[in-house]
Amino acid sequence: MLSSTAKNLYWMGRYLQRAKSTARLIEATQRMALQSRGEEAVGVAAIFGMEDEFRQSQQQSGGRLADLIDFLVLDQNNPSSIASSIGAARRNAREERNNITVDVWESLNGLWLELNARLRRNRAQLDRGALIEMVRTQAVMIFGAAQVTLLRDEAYNFLQLGAFLERADNTARILDVKFHVLRPDGNPDAGGLDYFAWSEVLACIGAVRTYRRIYRSALHPMKVAELMMLRRDVPRSVHHCLGMVDSSMGELADVYGTRGEADRLAGELHARLRYARIDKVFEQGLKSFLGNVRADIATLSDEIGRQFLLD
């Protein structure tokens, strides 16, 4: 496969997953804002590593949550906004019409057309909540179409590789920022548990009911961290996502008949999450552990670029 083709499919997966994750995070943040002091905006910007960009874009308005939503959803000058991500995913998909199915293309193109039609309307009359829900729902349908219609070949593996690497990074960022906002000292056993706030942390990855099914107990910060980070059976956990990345790398290694530094790092990262124990993680320090994981995910992304995409 040409490196340009691999790059288009890899980034199509990353951009689409980024839009979906952003939509889910904003929905959870909006619910949380109804119960809090209204300080969520900068915290959410921190998850994307865009505090400075957000503050600069909103100097006159004071950085309200409504401004954050516009920045992360509508602002086409923000390369990580939903509008920018869907546009980039669609451009990549258009270049690879021969490597994706009609169902995947039509679902993604339809989302892009509907999003642009809504963005052309008067912003004062735009229902941002409905737009975010539409993006999240349609993104799920696009990934569903990919699962049930795509040939299991290199194209599929590069799409999966991009999507799951993006998802792993997103979940690690959410857990890192949200946990330490609620527990600044990193102590999971400190008193004063805010049930609603911890529920919304789980809602950021759609796992509120999943937590109840697994633990059948009251919310506890250590268990929330374990679910989001170490549970192999939770589709948005860091462990699950890195397992899928490692699997996709293995499939590509079988096709190409060779392995490189990206394969080694993917396997090492997966093994680290697979064999980690939550009590040992907190002994080390959750912030330190997640910081190392996030740094290595960034390194893995760079190595994938060098190994496959000629970056």
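The legends below describe close-up views of a predicted model.

**View 1. Helix α8 packed against helix α11.**
Helix α8 covers residues 154-182 and helix α11 covers residues 221-229. The crossing in which α8 passes α11 is left-handed. On the α8 side the contact is made by T171, I174, L175 and F179, and on the α11 side by P221, A225, M228 and M229. Seven of these residues are nonpolar, one is polar and none is charged.

**View 2. H180 in helix α8.**
H180 has its place in helix α8. Its relative accessibility is 13%, so H180 counts as buried. The side chain of H180 reaches the backbone oxygen of D176 at a distance of 2.8 Å. When neighbours within four places in sequence are left aside, H180 is in contact with L175, G186, L286 and K287. One of these, L175, also belongs to the contact that α8 makes with α11.

**View 3. E166 in helix α8 and two arginines.**
E166 is another residue of helix α8. With a relative accessible area of 6%, E166 is buried. Not counting residues up to four places away in sequence, E166 touches R14, Q17 and R18. Its side chain makes a polar contact of 2.8 Å with the side chain of R14. A polar contact of 2.9 Å joins the side chain of E166 to that of R18. For scale along the chain, E166 and V181 are 15 residues apart in sequence, and their C-alpha atoms are 23 Å apart in space.

The loop between α10 (208-215) and α11 holds R216. Most residues other than glycine have a negative phi. R216 is not a glycine, yet its phi is positive, at about 50°. Its relative accessibility is 72%, so R216 counts as exposed.

**View 4. Helix α12 packed against helix α13.**
Helix α13 is formed by residues 261-275, and helix α12 by residues 238-256. The axes of α12 and α13 come within 9 Å and cross at roughly 150°. That angle makes α12 roughly antiparallel to α13. The crossing of α12 past α13 is left-handed. From α12, the residues V238, H239, L242, G243, V245, D246, M249 and A253 take part. They meet A262, D263, A266, G267, L269, H270, L273 and R274 in α13. By class, this contact has nine nonpolar, four polar and three charged residues.

**View 5. Helix α12 packed against helix α15.**
Helix α15 runs over residues 286-309. Helix α12 packs with α15 at an angle of about 20°, and their axes are 13 Å apart. Angles under 35 degrees count as roughly parallel, and α12 and α15 are therefore roughly parallel to each other. Here α12 passes α15 in a left-handed crossing. V238, L242, V245, M249, L252 and Y256 make the contact from α12, and V293, I297, L300, I304, Q307 and F308 make it from α15. Eleven of the residues are nonpolar, one is polar and none is charged.

**View 6. V245 in helix α12.**
V245 is found in helix α12. At 1% relative accessibility, V245 counts as buried. Leaving aside neighbours within four places in sequence, V245 is in contact with L161, F164, L165, A266 and L300. A266 is one of the α13 residues in the contact with α12, and L300 is one of the α15 residues in the contact with α12. V245 itself takes part in the contact with α13 and in the contact with α15. V245 and A163 are 82 residues apart in sequence, while the distance between their C-alpha atoms is 8.9 Å.

Definitions and conventions:
Residues numbered from 1 in each chain as written. Predicted model: local features only at pLDDT ≥ 70, side-chain atom pairs only at ≥ 80, totals over all residues. Heavy atoms only, no water. Axes fitted to C-alpha atoms, helices over the stretch in contact; angles between N-to-C directions. Helix = DSSP H or I, 4+ residues; strand = E, 2+ residues; numbered from the N terminus. Left-handed = near helix turned anticlockwise from the far one by under 90°. Contact = heavy atoms within 4.5 Å. Nonpolar A, V, L, I, M, F, W, Y, C, P; charged D, E, K, R; others polar. Buried < 20%, exposed > 50% of the residue type's maximum accessible area, 1.4 Å probe, protein only. Polar contact = N/O pair within 3.5 Å; in protein donor to acceptor, adjacent residues only side chain to side chain. Parallel < 35°, antiparallel > 145°, perpendicular 65-115°, else oblique.
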